Amino acid sequence: MKPAALFLADGTRFDGHALRYEGIALGEAVFYTGMTGYEEALTDPSYAGQILTFTYPMIGNYGISETVAQYPRACVAGAVMKRIAQHPSHHQSRKALGEWLDEQRIPTLVDADTRSITIALREHGTIWAALAAGEEAIARAEAQLTDFVRTATTKELVPSVATTVEHVEGREGGPRVVLLDCGVKKAIIRELTALGANVTVLPYNASKEQIMEHDPAAVFISPGPGDPTDLPQTIETLRSMLGQRPMYGVCLGHQLLALACGAQTFKLPYGHRGGNQPVKDLRHGEVIVTAHNHGYAVDALSLPSALEQTMVNLNDGTNEGFRHRDLPVAAVQFHPEASPGPFDARRLFAEWLQDLV
Amino acid sequence: MPQRSVLVIGSGPIVIGQAAEFDYAGVQACRALREEGHRVILVNSNPATIMTDPEVADAVYLEPLTVPSVERIIERERPDALLPTLGGQTGLNLAVELFEAGVLERNGVELLGTPVDTIKLAEDRERFKHKMIEIGEPVASSAIVTKIDEGLAFAAEHGYPLVVRPAYTLGGTGGGIVYDEHELSETLESGLAASLIHQVLLEISLLGWKEIEYEVLRDGANNCIIVCNMENIDPVGVHTGDSIVVAPSQTLSDLEYQMLRTSSLNVIRALNVQGGCNIQFALHPERSEYCIIEVNPRVSRSSALASKATGYPIAKISTRIALGQTLDEIPNPVTGVTKAAYEPTLDYVVVKIPRWPFDKFPLADTTLGTQMKSTGEAMGIGRTFQAALMKAIRGLDLKRETLTGSALAEWTGDQLDAVIAKPNHERLFAVAEALRRGIAAHRETEAIARIIELSAIDKFWLYELLELVRMEERLREQPGGEWGERALEAGYSTHSAGVRNAVSFRMVDTAAAEFPAKSPYYYIAHGESDEMRAPAKEAVVVVGSGPIRIGQGIEFDYSCVHAAWALREAGCAPVVVNNNPETVSTDFDVSDVLIFEPPGADEVEAAYRATNARGVMLAFGGQTAINLADELARRGVTIVGSDRRSLDMAEDREKFDAALHRLGVARPEGKAARSFREARAIARELGFPVLVRPSYVLGGRGMEVVYNEGQLASYAESAPPILPDAPLLVDKYLRGLEVEVDAAFDGEDILIPGVFEHIERAGIHSGDSISVYPTQTVAPEMEQRIVDVTTAIARELNIRGLINIQFVIHEGKLYIIEANPRASRTVPIIQKATGVNLVAAATRIALGEMLRDMPYGTGLTPRAPFVVVKIPVFSFAKMRGVETILGPEMKSTGEVLGIDERFAGALRKGFIGAGVRMPAEGARVLVSIADEEKEASIPILQRYASLGHRLIATPGTREYLQAAGITCERVNKISDGSPHVLDLIHDRGVDLVINDALGARELTDNYRIRRAAVEANIACLTSLDTARALAEALENTAGPPRTLQEYRCAQTTKSSP
């Protein structure tokens, strides 16, 4: 078997084996704690530019179905796992995970000590890293990582996955909504259209005029990768639309709306990525278990008086949701669309859409 | 919340289907209640539990778990509330009965947690089904059918296969699975005919569907979380308690996982469960379609497994929920920083394999189906499925270290196929052997396809097994090397792998390392980095006893827990190595370091080295732990307490005999025979009856009392051949009074809390006999002789800690039967009865302390001013075909204690606690007495007659009784034709059976009578001694319930000068 290795920018190295594809991935090293949902995670645009470690040790057991992918291709920069299934078993499996990763040309490290990697990321925080698959790649990985760290930026992440062309999803006649695509998951469009919405997907940098041209009943701001402060133009557009149209955000969309309303965001030490984050809904008093995938968070203390915190994370107390006290503006940090993850918060989309009818 | 008094009901004796998991749950519940400042009143009849220690609850009642008994306790204690969902099905049923009888209302007792209506709804199949349909959750479609046409119509709608279950028949006769119209018509015809009410339940068959379980928690504010999900390797059809279970699920996609998760939340909310709940699903392997099989609205075996698999303490959190707390306010005890409203995520795999008692019961039907048959389980934790599986297999303590290479290699292909298709306890190994043959023939794919066809086991597992089998083949060719290292990573022992390597400890933290954890809960991995935080205090390793089985039950876990507590008390850091997920010892609260691994030499050595331990204690983990002594000593591991030489001397017959000879202590005469011919000669020389047993087995396996040459001949026929290095031991069988002591010895002084006397004469395994403390018929001089001999033997064997000795008193003389340098079944009982913490004393002796510096006293502790009676409990109803007559081989699965001021009262409470319904006046007693016992039986049966019972017997016994002046009704022998004795039993024409046909081996009439009684749930006594004890209990009444604390207080008052 060919060697592969993960190099963290602090000099730590973790060894294992490569799949057939050889190459180097450069990006932020992060970990995902869900025990299922690898296909959805690997195709989630929010992981663009990231080297994703699966904490669950047996990955690929039920193969790749090609029906649950969140994007037309793999979005991660690289993948790290303990054990990859050679003989998947599932009635929807079309190919083995390893075969698919090779096709997708994703440098992958298997047989890795993923728990130790996770502990390193927890203790150090999210860190730049290189994943080298194959001897030749390993030989040049450290030099490339040094170069990369000098110039690395999150600025290109949203443009790399967001749509550039406008398109329409869902049936005619439903409530018309505009979805600003910062790297949207298919599941968001699935949830909105399943509720009858007629969704016009616009690029993340669409102007207010371009949005208003569609006369939307509401504007949704999608999840996406990276730092929300990398998108000042989008923030400005959203600010200018406050009070003009109802606006709803998820994940990166939540952060962008918060910034547009005058709140601040900050980088979490090592992010939240998984399907077991408990969130308390402050209005109903109940706890829901939610899917997360974010490295930045809205600073609850910075919320302007016009915003009311509606949801809070029970693990670390970070903000999970807010709504505007006077305007139809609301957002959540977690993923009500799940995929992967639990569906406890699925009803949020319906609640938001209900206001439009 | 104001301080309240809360009644907790335990689960009673260990039986198949209800084992140590409820001690674990109960202990957590009591702790949680007391942490909140409540007063805990506990009732449980099982003395081998930690929960019944006076340190665990404020008031401990070792009383029968019946409505009248608990009602008296409620009237006495006036508790504010009752916590019903932590004592298994027994505790739950009793709580519902108390509720329905109005006892709770009359006494103003509030029921905490899940409401009674929910409990009843979950139990009632029809109501449950309707509720599920109402909330849109799928259940297996079914219909009640009274005509063949109706059945065909149902089939037309739902397709085949279908399950036909006739209503009201004995043992499901006339039913089965049908695959087409022809079979359905035929089966319906026979099923309707067999049903007493001419009714059949038709149900769609879920055979071959995946079986998935979810453990769910809900609080009173409607917050729900999933603690864990689990997937059975055995598809639907095998009871989940008898299935190999993996956590988390491995073959479910995220959509399927979430679909069942969402369904679980719908169900638990609709049922209004407040606390823990287990939901079983069937998932179609080709359609992602599911059905709810059943819901258990309480903590269960699965919740104990889920707690150990994740680190999340379900019972503790359930208790807090029952007190009205919500998940978002309860702290997560593992991380300390997060809340209980948290779904654990694992970064390892857990496998549970059941332990079956078939080695004890050669006649048992070993087929696995809807009736659970296992007594215990072993759990393995590994970074991969393979590692977890191999650790679980090795942890069964069956001397099986690999999947292949057993006797199954000799099986024909048809034999393998039969077991793969119709599972028994060997199925996993049959599958492995079939895979091995597939590899040998270069036809792996075909082999896998064939296994799937026969068993519907998912392909995923088969490929995992295939890799392991391949690894075993390589290692057989060439041990060690790279394959050896891979084998270690895959959970094999260093012996199988042929290589030793650095060991790393990984932490179970509920969070896949996302948060730093506080829990000192570890498992072993290879080839990874090490997370062990060796304790700052001096560590001592306590080796556990593995899965619960007949002969090695919860009592050893009790001793291990007390050893750990005593170590803490002594300022040391206890390190526990054990792999039984049901137990208290594997609760990470009990030790400073918990290593969840099979208690084998590799793991114990690793634990010892990683924690820089001062030594290893083997005396508390039963024979499993003791057996490690030689190997650990070879590896340079220090054993504290009695060392290897003591253990060796006790077990080596010749060395032991020599020691006895030096001390002038007698033991029953005996010799070793190299052939059955020689055995016969020895038996003639000693005189019958003799006790025969193979020398290489322990714990009474293959041991039998033989009364004449004919029986010896038939023993020779069925026993395994005598091997040159393992002769057959033939001992004179002394049918005297058996007595038993547990003692601690420090090299100078001895501590004997008490002497037990057995009700049944020697010949019945001590675990199966009724035993009494303090002795009732042993003279004070004889008791002194017992103390002296015990001291002398302990000194001679160089004991440093515990010793258990069994004696027989025959014609006024004391003989020794055996000595065990370890904890025993009676240790928990003597600790409860006397308040002397024998395990703590032994632990401190092992650390070098002397008894005279401890508070427990020396010599024989003064007799208690009350009596305790231990009565064994059997699970015969669950084991079809098993012979119920008692002998030298142990058969009981659990025990209860009766405690009273008087012997007869204690007996009575014990019998009631053991589930024997006290026959009322006029009850019908069916009697069959062996010829050699007939004379002795007369005075005993006379007592039953005097109590107003009606004796019934077959002609032979009847004539004898009539001649002796006892009125007796006649019933036909089986050969006399119907209506005969079996019909009488089937028709419940009998309330009690006394049947003591001694030495019975085959399918005789008496065997059939005993089995019929078991199946009809009629108490069946197989020894006259037991019958005499029951008569004693029937002639007397029992005293009022009192707490263990009160008994203790009386004892202190009385024994102080």
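Which residues does B:Gly736 touch, not counting residues up to four places away in sequence? I will start there and then go out to the chains.

This is a predicted model, in which local features need pLDDT of at least 70, side-chain atom pairs count only at pLDDT 80 or more, and totals for chains, interfaces and linings use all residues. Residues are numbered from 1 along each chain as its sequence is written, and chains are lettered from A and ligands numbered from 1 in the order in which they are written.

To the opening question: B:Gly736 touches B:Arg761, B:Ala762, B:Val808, B:Ile809 and B:His810, with residues up to four places away in sequence left out. Contact here requires that the C-beta atoms of the two residues, placed from the backbone, lie within 7 Å. B:Gly736 sits in the loop between strand S26 (728-732) and strand S27 (737-745) of chain B. Strands are DSSP runs of E, at least two residues, and helices are runs of H or I, at least four residues, numbered from the N terminus. B:Gly736 counts as partly exposed because it has 19 C-beta neighbours inside 10 Å. On that scale, a residue is buried with 20 or more other C-beta atoms within 10 Å of its own, exposed with 12 or fewer, and partly exposed in between, with C-beta atoms placed from the backbone. From B:Gly736 to B:Leu838, 102 residues along the chain, the C-alpha separation is 28 Å.

Next, chain B as a whole. Chain B contains 36 helices and 40 strands. Its radius of gyration is 29 Å, close to the 31 Å that the globule rule gives for 1057 residues, so chain B is as compact as a globular protein of that length. That radius is taken over C-alpha atoms, and the rule is 2.2 Å times the number of residues to the power 0.38. Along the principal axes, the C-alpha atoms of chain B fill a box of roughly 75 × 70 × 70 Å. Buried residues account for 59% of the 1057 in chain B. Of the contacts in chain B between residues at least 6 apart in sequence, 69% join residues at least 24 apart.

Now the side of chain B that touches chain A. Here 42 residues of chain B are in contact with 40 residues of chain A. Helix H9 (254-271) and helix H16 (459-477) of chain B are the elements giving two or more residues to that side. H9(B) gives the most, with 6 residues. By class, this side of chain B has 18 nonpolar, 11 polar and 13 charged residues. The nonpolar class is Ala, Val, Leu, Ile, Met, Phe, Trp, Tyr, Cys and Pro; Asp, Glu, Lys and Arg are charged, and the others, Gly among them, are polar.

On to chain A. Chain A has 10 helices and 19 strands. With a radius of gyration of 20 Å, close to the 21 Å from the globule rule for 357 residues, chain A is as compact as a globular protein of that length. In chain A, 58% of the 357 residues are buried.

Chain A is assigned domain 1 (3-152) and domain 2 (158-354), with bounds from an automatic or database domain assignment. Between these domains, 23 residues of domain 1 are in contact with 23 residues of domain 2. S3(A) supplies the largest share of the domain 1 side, 3 residues. The centres of the two domains, taken over C-alpha atoms, are 27 Å apart.
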